[in-house]
Amino acid sequence: MTACSTVTAILGPTNTGKTHHAVERMLAHPSGMIGLPLRLLAREVYDRIVARSGPMSVALVTGEEKLIPVSPRYWVCTVEAMPMNLPVSFMAIDEIQLAADLDRGHVFTDRLLHARGLNETMLLGAATARPLIEKLVAGVNFVSRPRFSRLTYAGVKKITRLPKRSAIVAFSAEMVYAVAELIRRQRGGAAVVMGALSPRTRNAQVELYQSGDVDHIVATDAIGMGLNMDIDHVAFAATRKFDGFQFRNLTPAEMGQIAGRAGRYMNDGTFGLTGDAGDIDADTIELLEEHRFEPLKVLQWRNRNLNFHSTDRLLASLNALPNREGLTRARAGADIETLTLLSRDREIEARSASADRVELLWETCQLPDYRNITGAEHAHLVATIFRYLVDTGRIDHQWFARQLSYCDNTNGDIDTLSNRIAHVRTWTFVANRPGWLDNAGHWQDRTRAMEDKLSDALHERLTQRFIDRRTSVLMKRLREREELMSSVDQEGAVLVEGEVVGHIEGLRFKPDANKGEHSRMLLNAAQKAVSDALAGRAQSLVAAPDPDLSLSETGEIIWLSHPVGRLVASDNLLKPRVELLADQQVSGPDREAVQLRLSKFVSRHIASLLEPLVALADDEAITGLARGVAFQLIEATGILPREQVADQIKELGQDDRASLRKHGVRFGAFHIFIPALLKPAPTALRLLLWALHDAEKRGLNPAALPQYVPQQGLTSVPFNRETPRGFYQVVGFRHCGERAVRVDMLERLADMIRTRVFWRPQREGEERPEGSVEGGGFTVVPDMMSLVGCSGNEFASILRSLGFSAQRRKVEPTAAVTAEAPSGEVAAAAGEAPAADAAASPAEAPAEAPQPEPMPAQSGEAAAAGAETAVEEAAEEPQFIDVWWPKDTGPFRHQKQAHRQHKTAGRPGGGKGKQGGKPRHQGEGGKPRRSAGSQPVKPRKEREADPNSPFAVLSQLKQDLSRK
């Protein structure tokens, strides 16, 4: 629209009230229109006018949204969507300096040259546009407006040290996300504004900042386009950006447009850099502070007089050059590129045979590429819509609904939702084109609702990712009131104004992390409630019964699922000290009472689980040598190797032994121990007390030891070399060869062996026990191995570690192949383990012992001959067994005596006993020597041969065969 009217250019820096003045002037006219650079800003101005004049008097027109009442007086539009054929009294174009923008500049230049109100036209923007406006528009009245507030440089600051009400400007989505995430961790959160966000999402994010829920906003350079916010400081996170072609430094004018957002109305503002943004020179700083920038050199222009006779002529008219100084032809945008691609399509060319069709094609090509897809993909979409419009006059509603359905999903991350919104914005634009869809109102409502739903989901994702919502709400309340209400709930959560700021665990307050700079303020607000709660808890603990307390295996005293104390070593192993785990708020009488209560619990707990040990320590009737044994047993937590106190045990009288047995002490073959203390609960407590008592000396960590305790029910385990010295003894095991064996199982093994080594029948007809060997000693039987849960070489290593020695003994072969004497019976008659049992362990059945091979079936004389041969071979093959003897007994006793005699050879009376050169086994007069209290040794009576023994049967069989 071109009309004769007054043209006024109001030029100046940001925060001069230009837009506000233009709106006031428009409302003074009977009708008017204002073109704004952003859909978001258009919506802001529209809402302001609706609040003053009502919704029926104002229309909103953007590329994606049209709210047009029946007879609106005022039109609020984006510059691209301005209906140029409407006559209005007042016309205003905001941010007119954008006429130099490479992408959108030609639209602003067109409005500068041709958009006029009937009575008044107003151009708003930066002073850099003045020379070109003077050159291109005649009769313009220029008005310079000074900035309401000062803008000063504040230097370089870390992002985490930026003041409140700061905007951090970045130039990529990745940088925006990184900065926002850092602020969330350090300061509670930040709002996010980017050009790629939908207007609804941007509005919601701006509202978070404006309402005070967050103190920082992170944005791209879109923040410089007229968004009115209460910003005190603008920080540049970078001074370079990618402009679509290359990375380049920001111009001073671009920096001034962004920095000018700081300081609203009469409040001064500051600008600066973050730590990673580099630096700016003093000249640039001066230009920014004084708002002096180089004027624009040229404006972007595109021919508006288009030739629609053919696509070629249309393209030629679009590529026309300007004929006025100060203008330059704009570069080909997405619309021209799409038209160029489609003009090469024969099918599209065929459908563009008339001027009307070419004009429709051009209108279709102006569909914005919100999705930022490739040119070919966008051209394909435009071609599809154009075919529908040419062939049927309308876009197929089923196809359109199908495209929308692909976007109707609120799941996904920030980038996914942003991409869906971009797609929906495309379909919203299509739905708002007149004549493109049947029932256009329905599709406009549906696309708007879908965009709103996705925008809300995106806002929620941004808030979840970049804002600690709880902290932001709390900080807002902190700013609004000086004193905050604090309390503690039944679960121990400490709340300030209903928000959890920490928890009371036991008798200690644990504040939540990530409260940033406000943590001290929050803790101060919570102190009274915490102090009162801790005092109440201390009193409850003092009155708590013992079952409410427990002692962990690492030495912590647990109450209400949290530690309130821990054991520390003292001089007495059975009386550790208690260290209180409580904050300083628990003080005075309350602290002393809790200390005493926990000490009593520990004493009673030890007395309950280790009652025999405690009673042994307290029994004053135990004196002398027995008291020394008792002391050592207590220091060893109830288990002593017998060899450690062997000399003392020999000297104990029966009364002394009885005084110890009264407390459950058992005198075993290998250990002096208290069996009642081997149960799991006493064992865990003994291990804890031992570790605490010896922690410094042995470098023990009580918390690391329970993992090594053998599983309950096991009688032996493989020896773990990582365990500290003495560990296995404390938990009731003994290191024996390759394994660690439970001490009570070793004593049972000793009892089993003792009955077999020197077995003598106690009554007539009594059978020799399994494993007892004629002539003394024993062989290993399965019952022995089952006691300690191992066999073979491992069991042999256990016996050797206990002092047992094995003798390889040759036995006469048995008639194992005869029917009259099965192998098991022959072996049993010989006083040995049956062959089946002997094979159960390598220690009992040597691997090198020959095994009989199976014989083929024979009959008659051949069978008899075979039997004779087998008997003879069997009689010739040697058989071996391992016979075990306790230390220094049996054949090993004579070896020891011979060793002693060899060592004393060459001395006076060498090789003889000390008494007059007689052998050690003789006394005076050559009589056998015996110890005091022993009975005289009677000569052993030779037994008559048993005619029914296997050896007699075998001898008789050989005699019978020899006679034949």
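I started with Arg666, which counts as partly exposed at 29% relative accessibility. I noted that this is a predicted model. I then looked for the partner of Arg666 and found its side chain in a salt bridge with Asp751, at 3.4 Å from N to O. Arg666 sits in strand 28 (residues 666–667) and Asp751 in helix 27 (residues 743–757), so this pair ties together parts 85 residues apart in sequence. Asp751 is partly exposed, at 31% relative accessibility.

Next I checked for linked bridges. My search of the whole structure gave 43 salt bridges.

I looked at a pair inside a helix. Glu134 and Arg130 form a salt bridge at 3.6 Å, N to O. Both lie in helix 4 (residues 130–136), four residues apart, about one turn of the helix. Glu134 is partly exposed at 44% relative accessible area, and Arg130 is partly exposed at 33%.

I also logged Glu254 with Arg248, a salt bridge at 2.9 Å, N to O. Glu254 is partly exposed, with a relative accessible area of 25%.

Then I turned to phi. Most residues other than glycine have a negative phi. His291 has a positive one, near 60 degrees. I placed His291 in the loop between helix 8 (282–290) and strand 17 (299–301). Thr637 also has a positive phi, near 55 degrees. Its loop runs between helix 21 (624–635) and strand 27 (639–641).

Is Thr637 buried or exposed? I found Thr637 buried, at 1% relative accessible area. His291 is partly exposed, at 25%.

Key. Residues numbered from 1 in each chain as written. Predicted model: local features only at pLDDT ≥ 70, side-chain atom pairs only at ≥ 80, totals over all residues. Heavy atoms only, no water. Helix = DSSP H or I, 4+ residues; strand = E, 2+ residues; numbered from the N terminus. Buried < 20%, exposed > 50% of the residue type's maximum accessible area, 1.4 Å probe, protein only. Salt bridge = Lys/Arg side-chain N within 4 Å of Asp/Glu carboxyl O.
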